[in-house]
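Here is a short report on a two-chain model. It goes from the fold of one chain to the interface, then to single residues in the other chain.

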Amino acid sequence: MSAFHRLAALALPFTLTAALHAQATPAGPAPASAPDLSDPEVAHVAVTANSIDIDLAKFAQTRSHNAAVKQFAATMITDHSAVNTQAAALAKKLGVTPADNAVSQSLQSGAAQARKSLEPLSGAAFDRAYIAREVAYHQAVLDAIDKVLIPTTENAELKKLLEDVRPAVATHLEHAKQLHTQLAAPAKTGQ
Amino acid sequence: MILWLLLLLASGPVPKTHTVEIRGMEFHPAELTVTVGDTVVWINHDIVPHTATASTSIKWDTGQLTQDQTGRYLARKAGVAHYVCALHPTMKGTLVIRKE
């Protein structure tokens, strides 16, 4: 009914990616059964999705000793916070008050799982696992934007926000992939 | 009047201000040629913050520019400067500064 419902499609890729953080293969095109969420719930999902990456980046900053990884994490915090601010502003403008829901809780559960799998790691192993997770996460988000959100969104303002966010997600993905390659190189010589 | 014209000619070309727009996670134009004395202004149209940072023999750093903020650099030295966004190192630009 509302264009905000399209954002619900983000939930499954995020959840899958969080659960399968090491996998670079995204879930594919539009999920067959997008959750039936109200607009306030979908707005909550969008904010939650950004917050998850911010929280993990904050954790990475405390755990990593790699300057490039820490810089990447700092950029994730800065950028996803900026996107969250815009998303919240749009939700407010459209009269949507974010409301907690099962999908948001599922996202948080997936994020907690990702955090749990990273928790015992340290040093280069942590850096590789964190960046691999970021590659998969951003690939899944990009796929959701390209295959589901932009093509199907009717609300002009929401569509523009998605189009504005899309290059940032693509740049994050490219950045993460470069780091992933860089981190793989010393690992071969170190073991 | 003639004296004023002579002074104007002797003073050389008037410095220009050039604009580089940051949008879609790219610098537009990605390569820009200016003259010593010119000013380059970067304006960020993206939601996320950016910088224009050169750390070669010619150095400058606009600092973080949030949406619609601008940063500027006065070109004082001739040369070729490759710069990046410090937050997004895949974003690259080149400033060619000609001596006049």
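## Fold of chain A

In this predicted model, the elements of chain A run α-α-α-α-α-α from the N terminus on. That makes six helices and zero strands.

Chain A has 191 residues, and 48% of them count as buried. Its accessible surface comes to about 8,700 Å². Carbon and sulfur atoms hold 57% of that surface. Take the contacts between residues at least 6 apart: 85% of them join residues at least 24 apart.

## Interface of chain A and chain B

How many residues of each chain are in contact with the other? Chain A brings 17 residues and chain B brings 12. Together the two chains bury about 1,100 Å². Of this buried area, 70% lies on carbon and sulfur atoms.

What does the polar side of the count look like? Three residue pairs are in polar contact between chain A and chain B, both partners being at pLDDT 80 or more.

Two helices of chain A, H3 (67-93) and H6 (156-190), each supply at least two residues of the side that touches chain B. The largest share comes from H6(A), with 10 residues. By class, this side of chain A has six nonpolar, eight polar and three charged residues.

## Backbone features of chain B

Which peptide bond in chain B is cis? The bond from His28(B) to Pro29(B) is, with omega near 0°. Pro29(B) sits in the loop between strand S2 (26-28) and strand S3 (31-35) of chain B.

For Met25(B), phi is about 65°. This residue lies in the loop between strand S1 (17-23) and S2 of chain B. For Asp68(B), phi is near 75°. Its place is the loop between strand S6 (59-61) and strand S7 (70-74) of chain B.

Asp68(B) has 54% relative accessibility, so it counts as exposed, the cut-off being over 50%.

His18(B) belongs to strand S1 of chain B. Its relative accessibility is 15%. This value is under 20%, and therefore His18(B) counts as buried.

With which side chain does the side chain of His18(B) make a polar contact? The partner is Asp38(B), at 2.9 Å. Asp38(B) is also one of the residues that His18(B) touches, leaving aside residues up to four places away in sequence.

## In brief

Chain A is built from six helices and zero strands, and H6(A) gives the largest share of its side facing chain B. In chain B, the items to inspect are the cis bond from His28(B) to Pro29(B), the positive phi of Met25(B) and of Asp68(B), and the polar contact between the side chains of His18(B) and Asp38(B).

Conventions:
Residues numbered from 1 in each chain as written. Chains lettered and ligands numbered in written order. Heavy atoms only, no water. Contact = heavy atoms within 4.5 Å. Buried area = accessible area lost by both parts, 1.4 Å probe. Polar contact = N/O pair within 3.5 Å; in protein donor to acceptor, adjacent residues only side chain to side chain. Helix = DSSP H or I, 4+ residues; strand = E, 2+ residues; numbered from the N terminus. Nonpolar A, V, L, I, M, F, W, Y, C, P; charged D, E, K, R; others polar. Buried < 20%, exposed > 50% of the residue type's maximum accessible area, 1.4 Å probe, protein only. Areas by Shrake-Rupley, 256 points an atom, 1.4 Å probe, with all protein chains shown as cover.
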